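Here's a walk through a multi-chain model, one packing contact at a time. Keep the viewer open and follow along.

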Amino acid sequence: MKTYPVEIKVNGEWQTAEVTARDTLLDLLRDRFGAFEVKNGCAQGDCGACTVILDHKAVNACLTLALQANGKNVTTLKGVGTPDHPHPLQQSFVEHGAIQCGFCTPGMVVSAKALLDNNPEPTRNEIREGISGNLCRCTGYNKIVEAIEDASLKREE
Amino acid sequence: MQKQHMQMRINGEPCEFWVEPNTLLMNLLRNEMELTGTKYGCGTGQCGGCTVLVNGEPVLSCLTLALAVDGADILTIEGVAAPDGTLDPIQEAFLDTAAIQCGYCTPGMVLMAKALLNKNPSPSEDQIREHIKGNLCRCTGYHRIVQAIKSCGE
Amino acid sequence: MTTTEYIKPGDLSDLHHLMEEYKGRATVVAGGTNLIPEMRNGEKAPELLIDISDMAALSFIRENNGSIAIGAATTIAEMAASPVLLDNSPILASAAKQLGNPLTRNRATLGGNLANASPCADTAPPLLALDASVEILSPGGKTRQVSLSKFFHGYKFTDLAKGEILTGITFPKPNDSTKGSHTKIGLRNAASICVASIAVALDMEGKTCRKARVAAGSVAPIPMRAYRVEKLLEGKEINAALLEECMAVVKEEISPISDIRGSLEYRSYVTAMILKRNIKRALKQEI
């Protein structure tokens, strides 16, 4: 298979690899860059577990070719906040019990961050719309929506 | 069916009831007392969601007639935290270890843990697993529940 | 497994050269939201991918000289948020907003939605109702325009010849007397393939309809115009009786199928309902 060099700034750090034209950004992040927080839920853009921010826009990593991210910024959950310095969203998800099995959570938090970056005070409907690309099989979404709303209010403080 | 009189202490409070003989303890707690922390999971004694402590011993309330515990001391999950809301160390452990997902098995698990730790303050992992065999969890895979209980040991 | 090659042209002249060189052996990719799942499941195995996702020259929404032009690499998210579209063609912005989900809308493009030519393509019915034309680039640098109403030939089969690329669409800027409305029926509020959709654009003179454009999606092998409904409406005063006639006629014009998302009977019923609803909404009056 023909390969090409690719260079991507993942959570602020430049990383390089040789990829084929068919490798997706999801493949690259998990298999080569060790970014296991980016989940492979469906590999076809239906579940949102692989959500990352690509140059300011939340996208499905599984629907982005690795080469299409060349030279760009990618933010995963680990770029949103860390255990030592959690983002208000992460804090809020924990406080609100918005996490059960945790599989949707990385994608959910990344989508929520992209939402709040574009719309700092969303209504509940806007929150639901903003996360409508992220499926959760556990929580029924209510606590996730409350957590995001709470985080948006806290950002204002 | 003719109702009969009974009394018991529930979470430290004396209570009295007139119950039909076929009333289950689980339904008395949930419907009469509105203590819905005790869960109706299967109704056949297989899941452990209905676990309460009767005189300190774990009991499946879906398989216990209310009249059978006339005069007893009942502890449900609502009685585990202190009256002022301070959580029991077992409850803290479950939270700290993130041993709760949907939360449905949790009341039963916490009460089983309480009963175990009262008898055996420092149970091994095997002893914990043996003890909670009758409590099913569909979410967590049990690992963190066992860890939580273990962390309460001395 | 055959290898796939990848090229990212810098600008339009690069693209011209590539098309000349590869003459149809290449597959153009922008958002990849249709192509990548097809590649994964083995449906497609492109020899060469030409990536136009970052091509600025194909990514625009412009108003000039009484018409609106949208580049093929414009994302659906950009269309949904565009002040130009929200002001001038809200039925198109409405359809864009309901395509896929926020994540796929950030990558999916207008060109991909039309070139993929699913009968359920969300942007097609409003564009048909807006009398849009497709801009096509052929190898050798020639360009041509095709009315969107003549672009779809059959199920996932368009007027694009091998080696041609859809570069954008244009439509006449609707005037103030044009009223429009659009409804998409789906099984969910988001991430929902269209079950049936209607877009209407009515040029009104008081209560009389001067010109009618009615388009339907997901109820035929192609996104379609309901020409007989349009003829019924044109030159007439729109009232309840006329709407009932339109509902009967649209059921005859469409050819829905039964599939996992809905039955033929349901699609037929709901298309007629949303036709009436959209005409009433467009006119904003009680009939």
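Start in chain C, where the axes of helix 10 (residues 240-253) and helix 11 (residues 264-283) come within 9 Å and cross at roughly 145°. Axes here are lines fitted to C-alpha atoms, for helices over the stretch in contact, with angles running from 0 to 180 degrees between N-to-C directions. Helices (H or I, at least four residues) and strands (E, at least two) are DSSP runs, numbered from the N terminus. The crossing of helix 10 and helix 11 of chain C is right-handed, that is, the near helix is turned clockwise from the far one by less than a right angle.

A quick word on the ground rules: this is a predicted model, so local features need pLDDT of at least 70 and side-chain atom pairs count only at pLDDT 80 or more, while totals for chains, interfaces and linings use all residues. Residues are numbered from 1 along each chain as its sequence is written, and chains are lettered from A and ligands numbered from 1 in the order in which they are written.

Back to that helix pair. From helix 10 of chain C come Leu243(C), Cys246(C), Met247(C), Val250(C) and Lys251(C), meeting residues of helix 11 of chain C that include Ala272(C), Leu275(C) and Ile279(C). Contact means that C-beta atoms, placed from the backbone, lie within 7 Å.

Now to helix 1 (residues 12-22) of chain C, whose buried residues are Leu15(C), Leu18(C) and Met19(C). Seen down the helix axis, these fall within an arc of 95°, so they line one face of helix 1 of chain C; the arc is that of the directions from the axis to the C-beta atoms. Ser13(C) and Glu21(C) are exposed on the other side. Buried means 20 or more other C-beta atoms within 10 Å of the residue's own, exposed 12 or fewer, and partly exposed in between, with C-beta atoms placed from the backbone. The buried residues of helix 1 pack against strand 1, strand 2 (26-29), strand 3 and strand 10 (165-172) of chain C. Just after helix 1 of chain C, Lys23(C) takes a positive phi of about 35°.

What about the neighbouring chain? 22 residues of chain C are in contact with 25 residues of chain A. On the chain C side, helix 2 (35-40) is among the elements supplying at least two residues, and helix 2 of chain C gives the largest share, four residues.

Note on methods: Two residues are in contact if their C-beta atoms, placed from the backbone, lie within 7 Å.
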